[in-house]
Amino acid sequence: MPADEPFALVIFGASGDLTKRKLVPALWSLFQGRVLPEPFVAIGVARSAMSHDDFRHRMREAVAEFARVQPPAPHVWDRFASCLYYCPGVTDDPALYERLGALLRQLETDKGTGGNRLFYCATPPSLYPEIVTRLGASRIQRETKGWVRIIIEKPFGRDRASAAELNRVVSGVFAEDQVYRIDHYLGKETVQNILVFRFANGIFEPLWNRNHVNHVQITVAESLGVEARGAYYEEAGALRDMIQNHILQLLCLVAMEPPVSFDADPVRDEKSKVLRAIRPIPPEEVDHVVVRGQYGPGFLDGQRVPGYRSEKGVAPDSATETFAALRLSVDNFRWAGVPFYLRTGKRMPKRASEIAIQFWGTPHLLFRRHDPAERIEPNILVLRIQPDEGIALTFGAKLPGPELNIRPVTMDFRYGASFGGEPPEAYERLLLDAIHGDATLYARADWVDLAWEVLTPVLEAWGAGPAPKFPNYEAGTWGPAEADAFIEDDGRRWRPL
Ligand SMILES: NC(=O)c1ccc[n+]([C@@H]2O[C@H](COP(=O)([O-])OP(=O)(O)OC[C@H]3O[C@@H](n4cnc5c(N)ncnc54)[C@H](OP(=O)(O)O)[C@@H]3O)[C@@H](O)[C@H]2O)c1
């Protein structure tokens, strides 16, 4: 759906990595796809000294390197570039907001962007409260008759208290329906498809409960280490970086009840209810419910790679976890007794994100006498988030031949093969939604708070306990041995990816 209202986007952090790799390439793809309204303007803000033209040139290079859609002809790029502006300044300087306001007013008059203003916080997160407060203190946020919205990048706080504080600052300036807390996982096509799969098909939802589902595994495995972001990761770790946001969002999409409509609040109400139903982790149980790990040196694709503690920006005795696995219980009628196993790690053998729903076996093993040694594999439904996005259902089939032997086979849907082409980037969808005023795929304040609440006992126990014995897994493996023992103690095993 094309956005029909002109607007001005202001990106704080416009000389940074996110703007270069994701935001401007996404804006460009939307422009190319003719779904951005014209006129629009995008104003970049950062400390680096740059003219408007310097900024345009830099964004041209960024688009050439990172955009899904390349510029077809110079005049199309020129038209796009003429909408890009730059306003240098430091976020704690009130004069920046004066200059920014003046530029916005001038462009709104000259370009006719209509007074709709979308702010995007893509600076280091420590600056978000300052940006919000200063926007509030300036006229920028109040003077316009158009709509005003703000997108806030992750991480949203680093624990429950800091997230609550950020929510307090934000809600002092913006109403909740103006605030868009981004989780780019929710912009991925396959993630959006979870709800379509569940609620637009008649055959799966009747099975989607404790009577048919034995357990659920959600895995987000990365083969990369921390690259150049060691200093950031030292402050985060796997639990904060992946589980508190992306993986809990996936869990909510799998576990939620059907919303009354596919609108922002009904969908987000149901997601928050899932978090409320998660059984609190007793502090003394943390070691039984969570396993953490950190990679040491190892091999990936035949190449030797360093351990986490040797990465740039990482302390030589770092206690930051690069792997975490946990078991959560959703205590409600639908999911009572069904464990949700979550795991994420860096420097795993491959990059793969998936949700695997494992069903109960048949009530009676009719075929056992034909192949007594054989264990009949359970049915597993796998929602592949990345790469090779798709959905696969595994079931048992008779192996051809005179014997009655059963082997698992797979019905496989692949996005690429069925729909062709590349799916849009998550940031394209999310930016467009914010321009439309649709917050369905953004996190609401209560969800963020509840997600931190779920993990607070773990963060507190880890903070108070002795330093973990790290490193405890080799780069290029599937994590520490304790993670296998942890799930095997429940009589289950991690799905091989
Ligand atoms: N990069 C990603 O792929 C990614 C993915 C998901 C979320 N995020 C989040 O997005 C945010 C930005 O990440 P990033 O990787 O783009 O960081 P980055 O490369 O370090 O960029 C930070 C930006 O903030 C600007 N900045 C820093 N201090 C400033 C100040 N006092 N006043 C004005 N501007 C200031 C920097 O520009 P100057 O130095 O020119 O001022 C730069 O433009 C972070 O919260 C990150 O967690 C990033």
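Mentor: Start with contact: two residues are in contact if their C-beta atoms, placed from the backbone, lie within 7 Å. Now the ground rules. This is a predicted model, where local features need pLDDT of at least 70, side-chain atom pairs count only at pLDDT 80 or more, and totals for chains, interfaces and linings use all residues. Residues are numbered from 1 along each chain as its sequence is written.

Trainee: Which residues is Q178 in contact with, leaving aside its neighbours within four places in sequence?

Mentor: Q178 is in contact with V148, R149 and I150. Q178 lies in the loop between α6 (160-173) and β6 (179-181). Those labels follow a rule: helices (H or I, at least four residues) and strands (E, at least two) are DSSP runs, numbered from the N terminus.

Trainee: Is Q178 buried, exposed or partly exposed?

Mentor: Count neighbours. A residue is buried if 20 or more other C-beta atoms lie within 10 Å of its own, exposed if 12 or fewer, and partly exposed in between; C-beta atoms are placed from the backbone. Q178 has 18 other C-beta atoms within 10 Å, so Q178 is partly exposed. From Q178 to V382 there are 204 residues in sequence and 36 Å in space, C-alpha to C-alpha.

Trainee: How do I read the length of helix α2?

Mentor: The expected span of a helix is 1.5 Å times one less than its number of residues. Helix α2 (residues 52-66) has 15 residues, so the span should be 21 Å; the end C-alpha atoms are 21 Å apart, which agrees.

Trainee: Which residues of α2 are buried?

Mentor: They are F55, R56, R58, M59 and V63. These residues lie on the same side of α2, because they cover an arc of only 165° around the axis. The arc is that of the directions from the helix axis to the C-beta atoms. The face turned away from the buried side carries the exposed residues D53, E61, A64 and E65.

Trainee: What do the buried residues of α2 pack against?

Mentor: They pack against α1, β2 (40-46), α3 (74-81) and β3 (84-88).

Trainee: And strands: with which strands does β7 pair, and in which sense?

Mentor: Two strands pair if DSSP finds at least two bridges between them. Strand β7 (residues 213-221) pairs with β14 (residues 352-359) in the antiparallel sense, over eight bridges. With β13 (residues 339-345), β7 pairs in the parallel sense, over six bridges. Take I218: its bridge partner in β14 is I355, and in β13 it stands opposite L342. Of the nine residues of β7, eight are buried.

Trainee: Where is R495, and what does R495 touch?

Mentor: R495 sits in the segment after α15 (481-488). Not counting residues up to four places away in sequence, R495 touches Q217 and A356. R495 has 14 C-beta neighbours inside 10 Å, so R495 counts as partly exposed.

Trainee: Last, the ligand. Which residues around the ligand come nearest?

Mentor: A residue is near a molecule or strand if its C-beta atom, placed from the backbone, lies within 6 Å of it. There are 20 residues around the ligand, and G13, G16, L18, R47 and S48 come nearest. Helix α1 (residues 17-32) gives the largest share of the shell, three residues.

Trainee: How do the residues of that shell divide by type?

Mentor: Ala, Val, Leu, Ile, Met, Phe, Trp, Tyr, Cys and Pro count as nonpolar, Asp, Glu, Lys and Arg as charged, and the others, Gly among them, as polar. The shell holds nine nonpolar, six polar and five charged residues.
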